[in-house]
Amino acid sequence: VCVCVCRGLQDLQLRGELSDQLARCAPEFGLDNISFPSFVLKRGFSQALSAADYVYAISALLENTDEQNDWMDGFRQAYDALSPDHFSVLLRGMNFSKTREAAILSAVENIIEGRTMRKNKSFRYAVVKDTLHQKYFVHPITLTKLGLFLMDTYRYSSDKSDRKKTMPLVLFAHNSQSGNGQNSGRILCAILQPKISLSLS
């Protein structure tokens, strides 16, 4: 669990017990890998940051769509976030990462409840048409994370004999926004095999 998730908690005792509470409740919902060990960086009395925080923040900066920047601008921001002198850039990446994760959860809910997932004999497929969060899914990392989340959701919520557990998943997302980004005007496609697990992303 990322440390940044706990930043808003005011009760220090609750913050300290969060990991134990999650580990105790996780099996009930089939969440086997909800927490994992990680290196932690702490300077003086500043907020402790885990290696996972850096991974989420930097990957979000690489796909930052808040500004009309090309991929090199995202790369420069991600590189700056690694420096202690640019802590504000890292915090920006964390905030963007949390927004991106919320968009993924919303898209999963829309696809499942809206029954927009289709299948043929060989694979399942869906077109991501979330106009509110569409800008997030025109990037490879976010679209892949969405696909992995969907595969795990179907795997844990389906009957063991249901073949959709083992079927590959194909996602399409169209970027209709104009601009100088590398994915402008293109259709992005993510193809995921069933052996891939969300916990490995």
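How do H2 and H3 run relative to each other, roughly parallel or roughly antiparallel? Hold that for a moment.

First, the ground rules. This is a predicted model, where local features need pLDDT of at least 70, side-chain atom pairs count only at pLDDT 80 or more, and totals for chains, interfaces and linings use all residues. Numbering starts from 1 along each chain as its sequence is written, and side-chain values use heavy atoms, with hydrogens and water left out.

Now the layout. The protein has 5 helices and 6 strands. These are DSSP runs numbered from the N terminus: H or I of at least four residues for helices, E of at least two for strands. Along the sequence the pattern reads α-β-β-α-α-α-β-β-α-β-β. Of the 201 residues, 34% are buried, meaning under 20% relative accessible area with a 1.4 Å probe, protein chains only.

Back to H2, residues 51–62, and H3, residues 71–81. Their axes come within 7 Å and cross at roughly 155°. Axes here are lines fitted to C-alpha atoms over the stretch in contact, and angles run from 0 to 180 degrees between N-to-C directions. H2 and H3 are therefore roughly antiparallel; the cut-off for that is over 145 degrees. H2 passes H3 in a right-handed crossing, that is, the near helix is turned clockwise from the far one by less than a right angle.

Who touches whom? From H2, Tyr54, Ile58, Leu61 and Leu62 meet Gly74, Phe75, Gln77, Ala78 and Ala81 of H3. Contact means heavy atoms within 4.5 Å. That set splits into 7 nonpolar, 2 polar and no charged residues. Ala, Val, Leu, Ile, Met, Phe, Trp, Tyr, Cys and Pro count as nonpolar, Asp, Glu, Lys and Arg as charged, the others, Gly among them, as polar.

Next pair: H4 and H5. Their axes come within 10 Å and cross at roughly 50°. By class, their contact has 11 nonpolar, 2 polar and 3 charged residues.

Last, aromatics. The whole structure holds 2 aromatic pairs. Phenylalanine 96 and tyrosine 136 form a tilted one, 5.6 Å centre to centre with 45° between the planes. Ring centres must lie within 6.5 Å; planes under 30 degrees apart are stacked, over 60 edge-to-face, the rest tilted. Phenylalanine 96 sits in H4 and tyrosine 136 in the loop between S4 and H5, so the pair ties together parts 40 residues apart in sequence. Both residues, phenylalanine 96 and tyrosine 136, are buried.

Conventions
Phe/Tyr/Trp six-rings, centres within 6.5 Å; stacked < 30°, edge-to-face > 60°. Buried < 20%, exposed > 50% of the residue type's maximum accessible area, 1.4 Å probe, protein only. Parallel < 35°, antiparallel > 145°, perpendicular 65-115°, else oblique.
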